[in-house]
Amino acid sequence: MLVLQYVNVILPLAVDKLYSYAVPEELGQVSVGCRVEVQFGRRRHYGAIVADVNTENNPLIKTKSVLTILDEEPLVNSQQLELWQWIADYYLCSLGEVMIAALPSIFKLNSESVLIANENIDQADIDELTEDEYLITEALQVRQQISLEDARLILQKKNVFPVLEKLVFKNILIFKEEIKDRYRPRVEEWLHIGDDYRNLIDFDHMFDQLQRAPAQTDCLLQFFQYKEEGDKLPLRKFLAVSGCSRTHVRSLVDRGLLYIEKKQINRLLSTDIKAAAPGELDDQQRRTYAELNAIEDRKPVLIHGVTGSGKTRVYIEKIRDCLASGRQVLYLLPEIALTTQIELRLRAVFGGDIISYHSRLNPQERVDAWKLVQSGFPVVLAARSGVFLPFQDLGLIIVDESHDSSYKQQNPAPRYNGRDIAVVMGHLHEAQVILGTATPSMESLGNVQEGKYHKIEMPERHGKAILPRIELVHLQKDRPLDFKTEIFSQRMLDEIQSALSRKKQVILFQNRRGYAPLLLCSRCDWRAECVNCDVSLTVHKYRNNAQCHFCNYKIVIPESCPKCQGQLLRMSGFGTEKIVEELAEIFPSVNVERLDYETARGKKAFQEIIDRFSYGESQIMVGTQMITKGLDFDHVALVGILMADQALYFPDFRANERAYQLFMQVSGRAGRREEQGKVLIQTMRPEHPIFNWLQEDDYSSFVEAEMGQRQQFSYPPYVRLIRVSGMHVKALQAYNTTQLLIKNLQHEFGPWVTEIAPNSIPRIKNRYIYQFLIKLPKSASHSKHLRQKMQYELDVLKDQKDHRSVRFVVDVDPVF
């Protein structure tokens, strides 16, 4: 075999080095960034990324051969590979783990992939298949699924990667693990004038048919009153503003006077949306825009703008400038499912020049998005995973709500922060990076203090809107007079009633889902606890179960105490379910929405809840932190925070920062138009200083106090924090091995390594967890040395029989 090239490849595995393979002459030339099929181990085959190409190889090392070159052109560009290496170095993980996170699943075919037939195969697609593709498709008629090894047996050939991959691209095959997460585009119904009446000048003939149907006549009159340009309007909006029933609309449709068109929206490409010019900038926005343009260096810019200050309008202007120069834009949001209003607003300005990239896309759509970005598509709206897309000429990166902890990947590795990677991308692509937020993180403000970031203030709300008035209610001193409840104060009930009487809406915030966090026996000491985790089970009354939110263990709510057989079971505390139940008793004629993980699991369900509230079909919305992000409602007069103390007394050095950000963000939902809104905070500790800073809108004093404590006790932004967790089914084993690692690291890093401590939840999924922190000085040399030392010590432990079964997780810049 003649070999002209040798390649070092990245395997989609958690291995800490590159592996060398020979490229046979008959396969031709391969470029860096292309995928190749390689054998790793005795039987397993993987699609690996070529990291570098050489013409010579160490003659003492025996190399296997590349089996197939999967790409004619590089799938991953040089800037991506450089970014992958930075992520692996900074977050102390392997390049293979970065590759797994970065690539859509279709690009990661391997010998363990399981594929099944798409149930909606078009016969025309089958007729165009090659012979090999047809054989695989035909085989799936008699078997439920197919693997790489199955395909080799069917085709009687070794290299089947290209055949299977093309079938996936053609939507003939589907990854088995992706079936449960299929993307379903949102469908919206639009009401139009019937085809036979569309060109009429005089509409009297339409009403002549309704002489004995007064309700339908009124419904048709309402349609003409509210119809938009093009003689149409969204059906849901019409039903909300007109008061007409769906039955009356259906009768008009049956008569042919109106018709309903179902339109798919929020597709990957929305070519039917026409771009429109945005509104004029106000004085504050013009000043901010001018300051952005005056910056000559490539340092990131932190825009500190209060909620409702109009930051998005400034972003739009910068996007227009970037597109005019022919470069690409990445607009990052903390959670794509929670930011539909931003998506629609951007589409209204940029039309078909914007696509979304997020986890709700199916595998084919993710690949389509990847290829569009690779070809230079203008604007990408994405969650944190958007940082891995193959931008060719990235000119602008916007990180909206940059303080949000959702930008941090928790599991699995790489445990990266999308905000911080965006800053690195800006350096690699020579792109401007804008971080926007009403409550900047201490880390971002630390970078401003060190001169690494620019900072621009937007202290005023846009237009005539003014910041809401924040008031406190002492829960112990203001209990309801005539309604027994642990949730609402009398003041809260009065303010809710006042808002509803003025035809306004109310948002109530409680950052706990479920009905109640505890199920207890009042007679003995029994409580419902998880068998796998050291936590109590959360009661979900409407599902009649109590469930662990870590491992999903659940039990049916017992009728009597399992321990003493007593009948005195009680539910303690309250979550969003219980709040909705009590509101139904207190305000029986009011429609109440609940927005939490249980009710909004999919983007479609989330959007339906938001639409009902936006159109006025519901008057009160109860929710967890999902209601704090990216939502803009016209008629919200009151925001109620029902139990503020939960956020303040959390075992996390960032507890005060998170609480302030959470309270300020949810407060920002009130009074976003001309009428000043009100925020009512229920607490047992009204004397806590954070409430005074909130009422005075004094973020600078809060930051000064918080930074002083961080510096005193050596926490970010003054150090780089790393959390190392050791896990094992036996508590003593987890403790001993973690303690040994601490001892070994302390030889070189001394006081930077803290003492061992149990996790805040000592056992999760039957694994006992012990952890320690490394408070590392902010120096690149320290970081590199720590990575080498950490990897060495972990490898040593893996080689020792008594310690190799303990699993370690290294989390850089952790979120507690």
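Which residue in strand 34 stands opposite I722?

**View 1. Overall fold of the predicted protein chain.** The protein chain has 25 helices and 34 strands; helices (H or I, at least four residues) and strands (E, at least two) are DSSP runs, numbered from the N terminus. Its radius of gyration is 29 Å, close to the 28 Å that the globule rule gives for 816 residues, so the chain is as compact as a globular protein of that length. This radius is taken over C-alpha atoms, and the globule rule is 2.2 Å times the number of residues to the power 0.38. Along the principal axes, the C-alpha atoms fill a box of roughly 90 × 70 × 70 Å. Of the 816 residues, 54% are buried, where buried means under 20% relative accessible area, exposed over 50%, and partly exposed in between (1.4 Å probe, protein chains only). Among contacts (heavy atoms within 4.5 Å) between residues at least 6 apart in sequence, 74% join residues at least 24 apart.

View 2. Two strands pair if DSSP finds at least two bridges between them; strand 31 (residues 720–728) and strand 34 pair over 6 bridges. Here V812 in strand 34 is the residue opposite I722.

**View 3. Helix 23 and its buried face.** Helix 23 (residues 699–712) has 14 residues and reaches 20 Å from its first C-alpha to its last, close to the 20 Å expected at 1.5 Å a residue. The expected span is 1.5 Å times one less than the number of residues. Y699, F702, V703, E706, M707 and R710 are buried in this helix. Seen down the axis of helix 23, the buried residues fall within an arc of 125°, so they line one face; the arc is that of the directions from the helix axis to the C-beta atoms. They pack against strand 13 (301–305), helix 16 (442–449), helix 21 (655–667) and helix 22 (689–696). The face turned away from the buried side carries the exposed residues E704, Q711 and Q712. Just after helix 23, S714 takes a positive phi of about 60°.

**View 4. Strand 30, a buried strand with parallel neighbours.** In strand 30 (residues 678–683), 6 of 6 residues are buried. K678, L680 and Q682 point one way, while V679, I681 and T683 point the other way. Strand 20 (residues 469–474) pairs with strand 30 in the parallel sense over 6 bridges, and R469 has K678 as its bridge partner. Strand 29 (residues 636–641) also runs parallel to strand 30, joined by 4 bridges; G640 has L680 as its bridge partner.

**Notes on the model.** Residues are numbered from 1 along each chain as its sequence is written. In this predicted model, local features need pLDDT of at least 70, side-chain atom pairs count only at pLDDT 80 or more, and totals for chains, interfaces and linings use all residues, while side-chain values use heavy atoms, with hydrogens and water left out.
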